Amino acid sequence: MAALSIGIATTTTTFHTRPTLARFKSRIYCVNWDPEGLYGPPQTGHLARIEFKRRLERDAEAREAFERQLREEKERRQALRQSRVIPDTPAELIEYFLDTEAQEIEYEIARMRPRLNQEFFSHLQFELGQLRFAVSKTQDMEDRLIELEALQKAFLEGTEAYDKMQSELVTAKKSLTKVLSSKDVKATLLEMVESNELNRSLLALLDENIANAHQGNQKQAAAFMEKVRAAILKYITV
């Protein structure tokens with residue numbers, strides 16, 4: 001990282017005095033007068049320093065505005081999630097997802113995973129069949145077919161990813177317990193590398209435990225787990 005050098009201008013003065021009846025009064029006649037070279041050459045940079053300060057202030061304001069925007073968006077999403085009424089039937093669940101914002105689909109798939117069962121997918125497939133093989137199709141039917149096909153694709157990919165993540169999470173809990181209870185962490189990690197047990201799920205779970213340790217003021221435990229995390233990163237690519 002390049003270092004920013006900021007010079008501060010310095011000046012020197014010579015005082016000439018003029019006697020008066022009461023006392024000597026000092027007056028400044030010349031600046032930058034340094035015949036002995038005691039103060040070195042004049043330095044510049046005060047304009048750069050002022051500009052640097054202004055840039056820092058602008059950056060701080062921009063960062064604050066960005067963080068405020070993130071907080072507001074997070075609060076908006078949280079309020080929106082709490083306001084949603086969970087549907088009862090497969091047909092209502094389809095409409096529920098069609099009315100959900102795209103960036104919230106992944107969250108809702110995770111929340112509604114138990115409801116995305118064989119009954120639901122059968123109902124979705126039945127409606128898709130009706131739309132695909134309808135004798136006469138209106139534009140509304142064509143549009144709904146496109147929406148449902150996209151939704152079906154999102155469901156299949158989302159549920160597969162969620163189920164895989166849950167399976168990895170169970171394995172990660174076992175792996176984390178093995179690492180944290182090991183007397184030789186390095187040897188244990190090497191064994192886990194060979195058995196392909198080190199993955200992102202383990203890191204995510206470890207990060208969660210580190211955060212909880214910090215929150216509970218368990219500094220020693222947090223420091224230990226941070227060392228374990230650093231060691232894990234040497235063996236995997238995230």
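**Figure 1. A cluster of aromatic residues in the predicted model.** In this predicted model, Tyr96, Phe97, Phe120, Phe121 and Phe155 are joined into a cluster by ring pairs. Counted by the rule that ring centres lie within 6.5 Å, the aromatic pairs come to five.

**Figure 2. The pair formed by Phe120 and Phe155.** The ring centres of Phe120 and Phe155 are 5.1 Å apart and the planes stand at 80°, so this pair is described as edge-to-face, a term used for planes over 60 degrees apart. Because Phe120 belongs to helix 4 (residues 118-132) and Phe155 to helix 5 (residues 139-180), the contact ties together parts of the chain that are 35 residues apart in sequence. Phe120 is buried, with a relative accessible area of 1%, and Phe155 is likewise buried, at 0% relative accessibility.

**Figure 3. The pair formed by Phe121 and Phe155.** Phe155 also takes part in an edge-to-face pair with Phe121, in which the centres are separated by 6.3 Å and the planes by 90°. Since Phe121 is found in helix 4 and Phe155 in helix 5, this pair ties together parts that are 34 residues apart in sequence.

**Figure 4. Arg81 and the ring of Tyr107.** This view turns to a charge placed over a ring: Arg81 lies over the face of Tyr107, at a distance of 3.6 Å from the ring centre.

Technical notes:
Residues numbered from 1 in each chain as written. Predicted model: local features only at pLDDT ≥ 70, side-chain atom pairs only at ≥ 80, totals over all residues. Heavy atoms only, no water. Phe/Tyr/Trp six-rings, centres within 6.5 Å; stacked < 30°, edge-to-face > 60°. Helix = DSSP H or I, 4+ residues; strand = E, 2+ residues; numbered from the N terminus. Buried < 20%, exposed > 50% of the residue type's maximum accessible area, 1.4 Å probe, protein only. Lys NZ or Arg CZ within 6 Å of the ring centre and 35° of its normal.
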